[in-house]
Every structure is written in structure tokens, then in C-alpha cells.
Amino acid sequence: MANFYQHSFAGAISGLIYAVFIVSIGWAESQWTALLLFAVAIIGAFLPDLDHDEGIPVRIIFGLLATLAATLVVYWHYLKGGFALWYILIAGLLIFALVWFGIKRLFKMATHHRGIYHSIPAILIAALLAMELSRQYMDDFRLIQTIGGAMAVGYFTHLLLDEIFSAVTMTGRPFRSTRVTASPLSYRSNSLPVTLIAWALVALLIWRNLDFLKEWLPI
Ligand SMILES: [Zn+2]
């Protein structure tokens, strides 16, 4: 498996190539759009490793969530007034610990060894979700399409890198992958229900975003 830094680097390279390509065919007008596409591709290159137990993306996301929850709790007590300082601080610490240890553990149990984050339906889900999310905030048809594309490019780069690294190590020697799923570029996970849910989600999201996809679909 490639590590966090290799994935960041590969995501940045593919995001850069993608952004330059989109600008060169005239689909992005400003440099801000190009920058946005670049950033989305990098995020796409991080996302698959959310299912790794102690991966940096998991730590970053749960660190932010725990801090946010603790801040909200402290702020709420402060607004209400009448609480002792030590009480507020302990409440904040408890919430931080609850999110960091409790919810993170639940999340890990739910995603452990499923392998669906490293699969082709996951690329489609990530790209379609990016489109779904961006159309809540923007109405530029081309921009929404290219954001979906940037997510797909970043996500695909991650899986491709994992695929390469699972076949050979840096020294070129064959390497036995410890993952349950043999190839990150497969159409399914080891669990049939998870695979079915993933493809159902793909179908639902395609249907939701049909307006943006019609151009490329044979319908
Ligand atoms: Zn990975």
C-alpha cells in the first residue's frame, strides 16, 4: 500500500494535469475554478483510506470532529451561564473523548476490512456525491460536471497507486498484500450486501444527477 504522502503527491500531480486539461479545452474560465478542481482531486486521493484503521485521514477527520464537538459543548455551557469553569472544562473533555474514542471506534468497526472504499463503485459514488453536493451551491452546469470529474480522477489515482504498490514493492520484489480484497480496482467488495448497497447507491446517484450526465450516457 502506498502511504499518505505518496497519495498526496500522486493526487496533486493528477489534479494538476486534470485542471490544466480542463482549462485547455475551455471548460474552466478562471484560475479559481482550476484551483478548485485541483483541490477536489487531492481530496479524492485522500478519501479511500478513510477505511484504514489508523490512517492519517481518519485521525484528521476525527480530530476535527472531536474538537468541534468539544467547542460546541463549552460554548453552549458558556451561553447558558451559571456553570463552574471546572465543570465546563470536564464536559468539553468528556465530549472530546467520546468522539475520539467512541465514535471513531464505531466508524472503524463499520468500515473494517470491507474493502468497498477501494473499488470501482466507490469511485463512482465519490464523483456523483461531489456533483450532488456542488449542485446545492452552484448552478453552472459545466462546473458541476468538472467537479465530479476531478473527484473521480483523484480517487482513481489513489486506487491505481494502491494497485501498483500491492503488486511490487519499491525495490521491485513481489509483495503479498494483507488486504482482504486482492485488487483495489475491482467491481465489488468481499461482502455481497455491501456490494449490492454500493451499486444501488451508484444507480440512485446517477438517477439524481441524470441532467448532468445525459451528454455521456447512451440514452
Ligand atoms: Zn488505499
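Two residues count as being in contact if their C-beta atoms, placed from the backbone, lie within 7 Å. Keep that in mind for a moment. This is a predicted model. Taking the contacts in the protein chain between residues at least 6 apart in sequence, 72% join residues at least 24 apart.

Now the overall make-up. The protein chain has eight helices and zero strands, so its pattern along the sequence is α-α-α-α-α-α-α-α. Of the 219 residues in the protein chain, 30% are buried.

Helix α1 covers residues 4-24 and helix α2 covers residues 31-46. Their axes come within 8 Å and cross at roughly 145°. The crossing of α1 and α2 is right-handed. Which residues make the contact? On the α1 side they include His7, Gly11, Ser14, Tyr18 and Ile22. On the α2 side, among them are Ala34, Phe38, Ala41 and Ala45. What classes of residue are found in the contact of α1 with α2? It has 14 nonpolar, six polar and no charged residues. As a general point, an α-helix has 3.6 residues a turn, so residues three or four places apart point the same way.

Last, helix α3, residues 56-80. How far apart should its ends be? At 1.5 Å a residue, the 25 residues of α3 should span 36 Å, and the end C-alpha atoms are 36 Å apart, so the two agree. Just after α3 comes Gly81, with a positive phi of about 75°.

How values were computed. Residues numbered from 1 in each chain as written. Predicted model: local features only at pLDDT ≥ 70, side-chain atom pairs only at ≥ 80, totals over all residues. Axes fitted to C-alpha atoms, helices over the stretch in contact; angles between N-to-C directions. Helix = DSSP H or I, 4+ residues; strand = E, 2+ residues; numbered from the N terminus. Left-handed = near helix turned anticlockwise from the far one by under 90°. Nonpolar A, V, L, I, M, F, W, Y, C, P; charged D, E, K, R; others polar. Expected span 1.5 Å × (residues − 1). Buried ≥ 20, exposed ≤ 12 C-beta atoms within 10 Å, placed from the backbone.
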